[in-house]
Amino acid sequence: AKRDAEKQIQELMSSVEKMETEAEAKEERIRELTSTAESTEDQNKILLADKEVLNSELEKALEASTEAASELTDAKRDAEKQIQELMSSVEKMETEAEAKEERIRELTSTAESTEDQNKILLADKEVLNSELEKALEASTEAASELTDAKRDAEK
C-alpha cells in the first residue's frame, strides 16, 4: 500500500509539475496578450488622435470648399449680371445703328435728289446762259446797227 501511495504521490507530483508548467505558459501568454492589448490600446489612442486631426482638417476643407462655392456662385451671379448689361448695351447700340443707317439712307436719298435737282438747274443755267449770250450778241448787233444808223443819219 505504501508503494501504491508513493506511486500516486509520484503521479500527483508529476501532474503538479505539469500543471505548474502549463500555468507558467499561461501566465506568459497572459503577459504577451496584456502587452499586445496595451500596444493595441496605444495604437487605438494614436489612431483616435489621427482621426480627430483628420476630422478637423476635413471640416476645414469643407468650410473652404463651401466658401469657394459661395464665392463662385457670387462670381457667376455677377458675371450673369454683366452679361445682361452687355446684352442690353448691345441691343441699344444695334437700335442706334439701325436708326443711323435709316438716317444715312434718308440723307443719301436727299443727296441724290439734290444732286438730280442740281443737274437740272445746271442744265437750265446752261440754256439760260446760251440764251443770254444770244440776246447779248443780238443786243450788241442791234446797238452796232443803231450806232451805224445814227452815224448815217448825221451825215
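1. A salt bridge is a side-chain nitrogen of Lys or Arg within 4 Å of a carboxyl oxygen of Asp or Glu. Lys76 and Glu80 form one, with their closest N and O atoms 3.9 Å apart. The structure holds nine salt bridges.

2. A word on the source. This is a predicted model, where local features need pLDDT of at least 70, side-chain atom pairs count only at pLDDT 80 or more, and totals for chains, interfaces and linings use all residues. Residues are numbered from 1 along each chain as its sequence is written, and side-chain values use heavy atoms, with hydrogens and water left out.

3. Now the overall fold. The protein has one helix and zero strands. Both are DSSP runs, numbered from the N terminus: helices are H or I, at least four residues, and strands are E, at least two. Helix α1 covers residues 2-154.

4. Next, the dimensions. The C-alpha atoms fill a box of roughly 215 × 20 × 20 Å along the principal axes. The radius of gyration is 64 Å, whereas a compact globule of 155 residues would have one near 15 Å. That radius is taken over C-alpha atoms, and the globule rule is 2.2 Å times the number of residues to the power 0.38.

5. How much of the protein counts as buried? The share is 0% of the 155 residues. Buried means under 20% relative accessible area, exposed over 50%, and partly exposed in between (1.4 Å probe, protein chains only).

6. Back to the pair in point 1. Lys76 and Glu80 both lie in helix α1, four residues apart, about one turn of the helix. Lys76 counts as exposed because its relative accessibility is 53%. Glu80 counts as partly exposed, at 42%.

7. Glu28 also forms a salt bridge, with Arg31, and the closest N and O atoms are 2.8 Å apart. These two residues of helix α1 are three residues apart, about one turn of the helix. Why is Glu28 partly exposed? Because its relative accessibility is 35%. Arg31 is partly exposed too, with a relative accessible area of 48%.

8. Arg77 pairs with Asp74 in a salt bridge, the closest N and O atoms being 3.0 Å apart. Both lie in helix α1, three residues apart, about one turn of the helix. Asp74 counts as partly exposed, at 35% relative accessibility. In general, side chains of opposite charge can pair when their charged atoms come close.
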